Amino acid sequence: MVLWVLFALCCVLECVFTPLFLKAQWPQKTRKSLLLKMTCSTLFVAVAVLSVFLAGNTTRYAVLMLVALCFGWAGDYFLHAKPTNAFFIIGAASFLVGHVLFIVAYLHALKGYGAERFLSVWHVIGAVAVLGTAIAIAVKMRIKFTPAALKYGVLVYAVILTFMFLKATELGYRAFAASGNVLPLLVLSFGSLFFLLSDSSLGVILFCGQKENRPLKVFNIVTYFAGQILLASSILFIFA
């Protein structure tokens, strides 16, 4: 009972500290905003740890997800602490490692649910739909990447994010089909979708001259922390 109370408290505190962080980091990052951001990041790691104990889940999936979230925590720190190239590269690398670990966790868990195909026609359809929508939005909003060569790196990253979203959703669906519990489907599909939307908006903020776009920044942060909380809580449901 105590652990469930702590779990709920972490979720509530995430809702409290996220707007406080958004207020503190605008228009410039400060020590206060760093402290608030790391509080938010620590809360989603805490949700993952509590999920491990609540579910008694010490499977490879749980370990991979927990480590991935810790890399997300590190990425949050390095991208916010100092405006230097070194810190940016370390932060970006931390997030990339975290993304890879998420994908490895999903692929490993999917094997436990009998998924044999690495890709299926539904993956292709889903990827085309997601990327097509993103391109349509970019064209509609006249988004241009500066420098232009950066668009190729963004495209590769978009493919990785899309693949992560599709695999997480597939895992949630298979867990739902096996247990009849819709929660893993909702947690994984919405968690990965929010993560996709957050990283996509971050790319626009950083590389498309939108650093002063406050509504987009709010969208980026809210979807990010919501996504991390949901993905962390998937440890409650996935045993593989």
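Contact, in this talk, means heavy atoms within 4.5 Å. Keep that in mind for later.

Some ground rules. This is a predicted model, where local features need pLDDT of at least 70, side-chain atom pairs count only at pLDDT 80 or more, and totals for chains, interfaces and linings use all residues. Residues are numbered from 1 along each chain as its sequence is written, and side-chain values use heavy atoms, with hydrogens and water left out.

Start with the fold. The protein chain has eight helices and zero strands. Helices here are DSSP runs of H or I, at least four residues, and strands are runs of E, at least two, numbered from the N terminus. In sequence order the pattern reads α-α-α-α-α-α-α-α.

Now contacts across the chain. Take those with a separation of 6 or more: 78% of them join residues 24 or more positions apart.

Next, burial. Buried means under 20% relative accessible area, exposed means over 50%, and partly exposed is in between, with a 1.4 Å probe and protein chains only. Of the 240 residues, 40% count as buried. The chain exposes about 12,800 Å², and carbon and sulfur atoms supply 74% of that. These areas come from the Shrake-Rupley method with a 1.4 Å probe; for residues, only the protein chains shown count as cover.

Look at one residue. Is Ser-198 buried or exposed? Ser-198 is buried, at a relative accessible area of 1%. Ser-198 sits in helix H7, residues 183-207. Beyond its neighbours within four places in sequence, Ser-198 touches Asn-220, Thr-223 and Tyr-224.

Val-2, Leu-3, Leu-6, Leu-9, Val-49 and Phe-53 make a nonpolar patch of about 530 Å². Helix H1 (2-24) and helix H2 (31-55) each give two or more residues to the patch. H1 gives the most, with four. Val-49 belongs to H2, and Val-49 is partly exposed at 32% relative accessibility. What qualifies for a patch? Residues need over 30% relative accessible area and no salt bridge; nonpolar side chains (Val, Leu, Ile, Met, Phe, Trp, Tyr) are joined within 5 Å, like charges within 9 Å. A salt bridge is a side-chain nitrogen of Lys or Arg within 4 Å of a carboxyl oxygen of Asp or Glu.

Last, cysteines. How many disulfides are in the whole structure? Zero, counting a disulfide as a pair of cysteine sulfur atoms within 2.5 Å. Cys-15 is in no disulfide either, with the sulfur of Cys-11 nearest at 7.4 Å. Cys-10 is buried at 10%, whereas Cys-15 is exposed at 59%.
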